[in-house]
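Here is a short report on the inner space and the aromatic rings of one protein model. Keep the structure open while you read.

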Amino acid sequence: GEYVPLTNVARDPLNEFGFSDADTLFYSKNPGFEAVVHSHPAYEAEGVKISRLSPSATDMKQQLATAKPWVIVAENASNGTWEMFDWGAHTLDLPILERPFRHGVEDCYTVIQKWWWQERQILLLPMPRDAGWWGSKGNPPKANLYIDHFAECGAKQFFPRTPRDLLPGDVFLYKLGQGVTQYNHGGIFTGNGRVAHHGPTKLSNDGPIGPWFDRIDFWLRREP
């Protein structure tokens, strides 16, 4: 119920943050704190201000380490406003559909996680990730999250011949965007001939599997 400002001891406080040894010791021994809040000021590159409107992979790893909600107050360089958002395990209970996109907070993997939690009470593996981890032209991939980690979620690739072969909870992978060389988008079959997914700049949504099925070449199934 109270905001307690702490000193940022990072060497580069505009781009990083760190707790002092004293604060780290105090809060590790007194874990009654409710959340961790920090800011994401925009940064300049070649004279252009660039927003950081999503958590970094490091943010996501540290949130998992504290097992508390984390909050970011981020500067939107395009309009000068500040946006506040939070993430953590508590957000898995939020609605799956009609959510605004924010990478690492509400994105395509979040849809999959939410479905498995809400429908099966199963927590899928967290995947800390930086925006753009899939790479682009002239920018090599930083990770191959879906392929590298879905086996750890207990899922295996399978080959449905028609939509009738699908079961609720089956996950599809897709290469979204020009020049993308690895699977960077995913969705989930929810039953009744429909799939739920979340693309950038859009609200999470569901729709009929028909238009998607022939374009998808990678399906995963996890036994409940």
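The text below covers the cavity, then the ring pairs, then the charges over rings.

**Cavity**

The model is predicted. A search of the whole structure finds one cavity of 30 Å³ or more. The space in the largest cavity is about 30 Å³. Its lining is made up of Trp-116, Leu-124, Phe-150, Cys-153, Ala-155, Gly-169, Val-171, Leu-220, Arg-221 and Arg-222. Seven of these residues are nonpolar, one is polar and two are charged. Strand β11, residues 218-222, gives the largest share of the lining, with three residues.

**Aromatic pairs**

Across the whole structure, the search finds 17 aromatic pairs. One of them joins Tyr-109 and Tyr-146, with ring centres 6.1 Å apart. Why is this pair edge-to-face? The planes stand at 75°, and planes over 60 degrees apart count as edge-to-face. The pair links distant parts of the chain, 37 residues apart. Tyr-109 belongs to helix α3 (residues 108-120), and Tyr-146 to helix α4 (residues 145-149). Tyr-109 is buried, because its relative accessibility is 2% and the limit for buried is under 20%. Tyr-146 is buried too, with a relative accessible area of 2%.

A second pair is formed by Tyr-183 and Phe-218. Here the rings are tilted. This pair also links distant parts of the chain, 35 residues apart. Tyr-183 sits in the loop between β7 (171-174) and β8 (185-191), while Phe-218 is in strand β11. Strand β11 is also the strand that gives three residues to the cavity lining. Tyr-183 has 13% relative accessibility, so Tyr-183 counts as buried. Phe-218 is likewise buried, at 13% relative accessibility.

The table sets out the geometry of the two pairs.

| Pair | Centre to centre | Angle between planes | Class |
|---|---|---|---|
| Tyr-109 and Tyr-146 | 6.1 Å | 75° | edge-to-face |
| Tyr-183 and Phe-218 | 5.2 Å | 55° | tilted |

There is also an aromatic cluster. Phe-158, Phe-172, Tyr-174, Trp-212, Phe-213 and Trp-219 form it together.

**Charges over rings**

Which ring does the charged end of Lys-68 sit over? That ring belongs to Phe-33, and the charged end is 5.1 Å from the ring centre. Arg-222 lies over the face of Trp-116, at 5.5 Å from the ring centre. Both Arg-222 and Trp-116 are among the residues that line the largest cavity.

Notes
Residues numbered from 1 in each chain as written. Predicted model: local features only at pLDDT ≥ 70, side-chain atom pairs only at ≥ 80, totals over all residues. Heavy atoms only, no water. 1 Å grid on protein atoms, 1.4 Å probe; cavity = no way out; pocket = protein on both sides within 12 Å on 5 of 7 lines; lining within 4 Å. Points joined across faces, edges and corners; volume = space filled by probe spheres on them. Helix = DSSP H or I, 4+ residues; strand = E, 2+ residues; numbered from the N terminus. Nonpolar A, V, L, I, M, F, W, Y, C, P; charged D, E, K, R; others polar. Phe/Tyr/Trp six-rings, centres within 6.5 Å; stacked < 30°, edge-to-face > 60°. Buried < 20%, exposed > 50% of the residue type's maximum accessible area, 1.4 Å probe, protein only. Lys NZ or Arg CZ within 6 Å of the ring centre and 35° of its normal.
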